[in-house]
Amino acid sequence: FGYCVLLSGVALLCGCGARTPSIPTGFERQLELNGIAFHVTSPNLAAGNTVTVAPAGLEIDNSPVSWDADGAVTAAEVADLDADGSPEVYVYVISTDAAARGSLVAYSANKRKSLSAIYLPPMTESPAAAQGYHGHDGFAVTRDSLVRRFPLYASAAAGASPTGRTRQLQYKLVPGEAGWLLKLDRTTDF
């Protein structure tokens, strides 16, 4: 598979399943798009970790928001996936156990006024897409989508072998009931 997730120059996980023995300390990034800035921080604690996003440039509420993180923050990106002029911030988190399961902390600058959470449904809500999933996720923003990649395993059983294939899930940002939703748009295996 050949990818590695890096944090401060230290490999946190590799596509082959190799991991470093320790969790990198602290994460901090300043991101900006369309006049809206996001200061993303996390202490990257082994247990009880949090992510804080402090916005700047919003018209009504620039209060920081904090969220519990199920693992270590590996990266953060800013984008405008729905091309509405109000950017979003995407913070990638990888669990610190051997499964290295990915999760996401994300917010949208709602009409440039305040932050609203973006929800990424759990893998269990898409059984076909989750088939062969055992973690070791990687995330990235493309032009108009959030992409999640992971190696495929022969079965769902513990100790299953990797197949050498990769699945890519492509999500589109859509309005949800109480915020924003990343809706699965396309699944590709290669």
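A residue counts as buried when its relative accessible area is under 20%, as exposed when it is over 50%, and as partly exposed in between, using a 1.4 Å probe and protein chains only. Arg 148 is buried by this rule, with a relative accessible area of 3%. The model is predicted, so local features need pLDDT of at least 70 and side-chain atom pairs count only at pLDDT 80 or more, while totals for chains, interfaces and linings use all residues. Residues are numbered from 1 along each chain as its sequence is written, and side-chain values use heavy atoms, with hydrogens and water left out.

Start with the whole chain. The protein chain has 190 residues, and 44% of them count as buried. Its secondary structure comes to 1 helix and 14 strands. Here helices (H or I, at least four residues) and strands (E, at least two) are DSSP runs, numbered from the N terminus. The accessible surface is about 9200 Å², and carbon and sulfur atoms make up 53% of that area. Such areas come from the Shrake-Rupley method with a 1.4 Å probe, and for residues only the protein chains shown count as cover. Among contacts in the chain with a separation of 6 or more, 42% are between residues 24 or more positions apart. A contact means heavy atoms within 4.5 Å.

Next comes the sheet. In it, 8 strands form an open sheet with mixed pairing, in the order S7-S8-S9-S10-S14-S13-S12-S11. Its edge strands are S7 (72-79) and S11 (138-141), each of which pairs on one side only. Neighbouring strands in the sheet are turned by 25° against each other on average, direction ignored. For such angles, axes are lines fitted to C-alpha atoms, for helices over the stretch in contact, and the angles run from 0 to 180 degrees between N-to-C directions. Two strands pair if DSSP finds at least two bridges between them. Strands S8 (residues 88-94) and S9 (residues 102-110) run antiparallel and are joined by 7 bridges. Along this pairing, Val 93 stands opposite Ser 103 in S9.

Rings of Phe, Tyr and Trp (its six-membered ring) pair if their centres lie within 6.5 Å; planes under 30 degrees apart count as stacked, over 60 as edge-to-face and the rest as tilted. By this rule there are 3 aromatic pairs. One of them is the edge-to-face pair of Trp 67 and Tyr 107, with 6.4 Å centre to centre and 85° between the planes. Trp 67 lies in strand S6 (residues 65-68) and Tyr 107 in strand S9, so the pair ties together parts that are 40 residues apart in sequence. Trp 67 is partly exposed at 45% relative accessibility, whereas Tyr 107 is buried at 5%. Tyr 92 and Phe 139 form a stacked pair, with 5.4 Å centre to centre and 10° between the planes. Tyr 92 in strand S8 and Phe 139 in strand S11 are 47 residues apart, and their pair links distant parts of the chain. Tyr 92 is buried at 3%, and Phe 139 is buried at 12%.

Charged side chains come next. Side chains of opposite charge can pair when their charged atoms come close. A salt bridge is a side-chain nitrogen of Lys or Arg within 4 Å of a carboxyl oxygen of Asp or Glu. The structure holds 4 salt bridges. In one of them, Asp 137 pairs with Arg 148, and the closest N and O atoms are 2.6 Å apart. Asp 137 is in the loop between helix H1 (127-130) and S11, while Arg 148 is in strand S12 (residues 146-153), 11 residues apart. Asp 137 is buried at 0% relative accessibility.

Asp 144 and Lys 172 also meet in a salt bridge, at 2.9 Å from N to O. Asp 144 is partly exposed at 25%, and Lys 172 is partly exposed at 22%. A further salt bridge joins Arg 167 and Asp 189 at 2.7 Å, N to O. Because Arg 167 lies in strand S13 and Asp 189 in strand S14 (residues 180-189), the pair ties together parts that are 22 residues apart in sequence.
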